[in-house]
Amino acid sequence: MIAAHLPVLQVVLPLMAAPACVLLRRPRLAWGFATLVSWACFGIAALLLGQVLENGDISYALGGWAAPWGIEYRVDTVNAFVLLIVSAISSVVLPGARASIEREVEGDRVDLLYTCWLLCLAGLLGIAITGDAFNVFVFLEISSISSYALIALSGERRALVASFRYLVMGTIGATFIVIAIGLIYMVTGTLNMADMGARLPAVWESRTVAAAFAFLTVGVGLKMALFPLHLWLPSAYASAPSPVTAFLAGTSTKVSVYLLLRFVFTIFGAGYAFGIQALEYVLMPLALLGILSASVVAIFQLDVKRLLAWSSIAQIGYMVLGISLASLTSLTASILHLFNHALIKTGLFMAMACVFYRIGSTRLEDMEGLGHRMPWTMAAFVAGGLSLIGVPSSVGFVSKWYLVLAVLERGWWPLAVFILFTSLLAVVYVWRVVEAAYLRPAPAGTGRSEAPLSILLPTWSLIIANFYFGLDTSLTVGVASRAAASLLGAGP
Amino acid sequence: MEALGLYNYWLVIALMMTGFYIVITSPNLVKKIIGLNIFQASVFVLYITMGKIIGGSAPILSDQVSVYSNPLPHVLILTAIVVGVATTAVGLSLVVRIYAAYGTMEEDEIVAAEREDP
Amino acid sequence: MRHHTVLHVVAKILLPLILLFALYVQFHGDFGPGGGFQAGVIFAVGLILYGLIYGVDNLQTAIPPGALRVFMASGVLLYAGVGVLGIFMGGQYLDYGVLAHDPLHGQHWGIFFVELGVGITVASVMTSLFYAFTS
């Protein structure tokens with residue numbers, strides 16, 4: 001009986017667990033409950049992906065009202081993969097979150113943090129699973145509003161300002177998306193994504209659709225921190241509590257990238273986005289500029305969390321570059337990089353959670369000699385850094401390999417050189433951390449003090465996953481290429 | 001004349017740009033939130049406008065009426081209003097805490113204070 | 001506002017009417033315009049009026065913040081619980097038709113409890129927002 005209801009349980013479970021978490025009150029109890037729920041979500045996502053790979057797309061009509069009138073949850077290969085990524089990241093980070101949350105967040109707010117966490121998880125899963133365009137907006141705001149609260153829960157006063165800036169930018173982005181959905185509803189009279197996709201080709205010439213497309217691109221661009229719209233991201237990531245940063249870095253911008261994929265390929269169709277509106281001429285320059293400038297800025301950062309945040313903006317650029325090429329290989333590369341970058345960045349930010357737990361700072365000057373004081377943590381960081389650079393046998397290499405293949409398919413070899421060159425920039429900023437941690441002497445009077453096992457274990461499991469999926473690519477590449485094919489097949 | 005007949009949409013654009021302008025230019029955080037609210041209100045008007053049918057009545061079944069306005073945009077906007085209230089509440093509570101931490105809610109002064117932080 | 005006799009007396013007369021009107025909007029929502037959102041806000045307006053005229057402390061003794069927290073959570077749980085009940089009765093999530101023998105009655109019961117959940121949550125959230133900004 002339950003198997004048929006998995007799509008809705010995926011969202012309802014964390015959504016119902018959030019108010020239950022408010023009632024629990026005791027921080028440890030709330031944490032244990034949130035972790036269990038997150039694992040259950042991961043289990044559901046894995047089952048859903050299995051069902052989709054075996055039997056094809058799943059459609060679930062809420063309240064028994066059939067699509068296109070009712071709200072439909074629709075699971076295909078693309079969003080089953082995204083569901084898996086989001087729930088997996090949450091499930092890995094939460095077990096390690098307790099120790100560092102207790103240290104970074106004031107005691108009476110800890111249970112509310114887990115409530116916000118579950119709400120954010122429910123929102124992100126909801127964005128991915130729903131087949132209804134307005135539902136996307138609702139879940140987008142559930143996840144955004146709870147992440148503003150998550151960021152502001154950090155004890156630092158910088159976090160409040162960062163959260164406020166994110167709130168202003170995020171609300172503008174979400175409102176742009178809702179304007180776009182309204183304009184599409186105006187010309188098609190439907191809110192169901194598949195139905196929109198079927199009705200839009202008849203009105204491609206309409207200026208209303210062009211306006212909707214423009215609003216949508218800017219709105220989603222704000223949400224996923226596409227290059228000129230990225231300014232909210234570095235300070236938000238740098239000042240949030242460390243486990244929250246690890247969670248958000250692995251999930252929230254990824255879900256926004258999924259949203260762009262879904263709107264461009266399923267709703268507007270590749271023929272409209274690339275044929276009529278020439279989206280590639282907008283996305284590609286922005287992606288390239290974003291990769292280059294964000295990587296250069298990352299080199300000059302003094303705080304490692306901020307450095308990693310800037311590197312995230314560059315990585316978003318790689319994903320958008322893949323989308324702008326709009327071929328089978330390039331979309332495979334983008335979807336792969338969704339998964340791979342989530343593994344890399346969450347691993348690195350978890351290593352920073354270990355560092356922050358011990359020394360109370362992630363500034364480079366405070367991390368001098370840390371390689372000797374926290375050998376396991378810093379080894380994890382170096383391994384994650386290698387994966388970020390894209391060293392063979394790591395996941396970072398796999399996605400860059402496919403991206404370079406996609407570029408060479410078009411015969412644009414200077415672009416391939418550019419990708420290799422920007423990977424060298426990644427070497428530079430990872431090296432700055434390595435230099436501080438290993439080549440500088442530790443301050444006198446400090447002994448070896450490793451982070452507690454509860455944070456170290458999730459960190460290392462992410463790092464090991466980085467190399468496991470770097471060597472055994474059958475699952476990730478298989479799913480990603482099927483997802484890319486379904487996206488391209490869905491458009492007319 | 002067609003352009004004048006669509007005056008609701010002109011109103012939407014005017015409201016939207018007013019709100020947007022306030023969000024971008026005002027250094028005061030509370031005014032930014034007010035601007036954000038005006039910006040969102042313009043979208044509410046946009047949705048309600050597209051649901052209106054001239055001569056249509058409220059969508060409650062009755063023998064005397066045959067033309068009804070579309071109720072769906074109203075329902076959507078009810079949700080959007082609730083979202084707007086939640087955003088405003090979170091935004092204002094952030095402003096309260098920013099004021100407690102920095103002693104000001106002018107953005108330029110906060111930026112100056114942030115520079116002095118390590 | 002301790003010494004404004006007019007305000008005190010007028011508020012005393014209006015308060016029960018406001019709360020009653022909220023309940024009317026809540027439970028008459030099946031037949032006419034109304035529902036949980038509006039009713040919840042109207043109910044909270046009554047409470048906030050009481051708080052403004054008689055002081056927040058008095059309101060907080062009547063409705064402690066801790067109780068509000070329970071109400072907020074339980075309203076959402078009631079809503080989602082009705083949806084899950086639909087699954088257990090053999091329908092889809094939020095399918096009210098299966099809640100009673102006759103689908104029409106089922107729809108009626110479903111929307112009744114869902115709107116009740118919405119009303120409880122909205123009223124308690126509005127009141128706790130008032131608490132948050134007055135404290």
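Tutor: In chain A, helix H17 (residues 395–409) has 15 residues and reaches 21 Å from its first C-alpha to its last, close to the 21 Å expected at 1.5 Å a residue. Helices (H or I, at least four residues) and strands (E, at least two) are DSSP runs numbered from the N terminus, and the expected span is 1.5 Å times one less than the number of residues. This is a predicted model, in which local features need pLDDT of at least 70, side-chain atom pairs count only at pLDDT 80 or more, and totals for chains, interfaces and linings use all residues. Residues are numbered from 1 along each chain as its sequence is written, with chains lettered from A and ligands numbered from 1 in the order in which they are written.

Student: Which residues of H17(A) are buried?

Tutor: Among them are Val398(A), Tyr402(A), Leu403(A) and Lys400(A). Buried means that 20 or more other C-beta atoms, placed from the backbone, lie within 10 Å of the residue's own; exposed means 12 or fewer, and partly exposed is in between.

Student: What covers the buried residues of H17(A)?

Tutor: The cover includes H13, H14, H16, H18 and H19 of chain A. Just after H17(A), Gly411(A) takes a positive phi of about 80°.

Student: How many helices and strands does chain A have?

Tutor: Chain A has 20 helices and two strands. Buried residues make up 65% of its 492 residues.

Note on methods. Contact = placed C-beta atoms within 7 Å.
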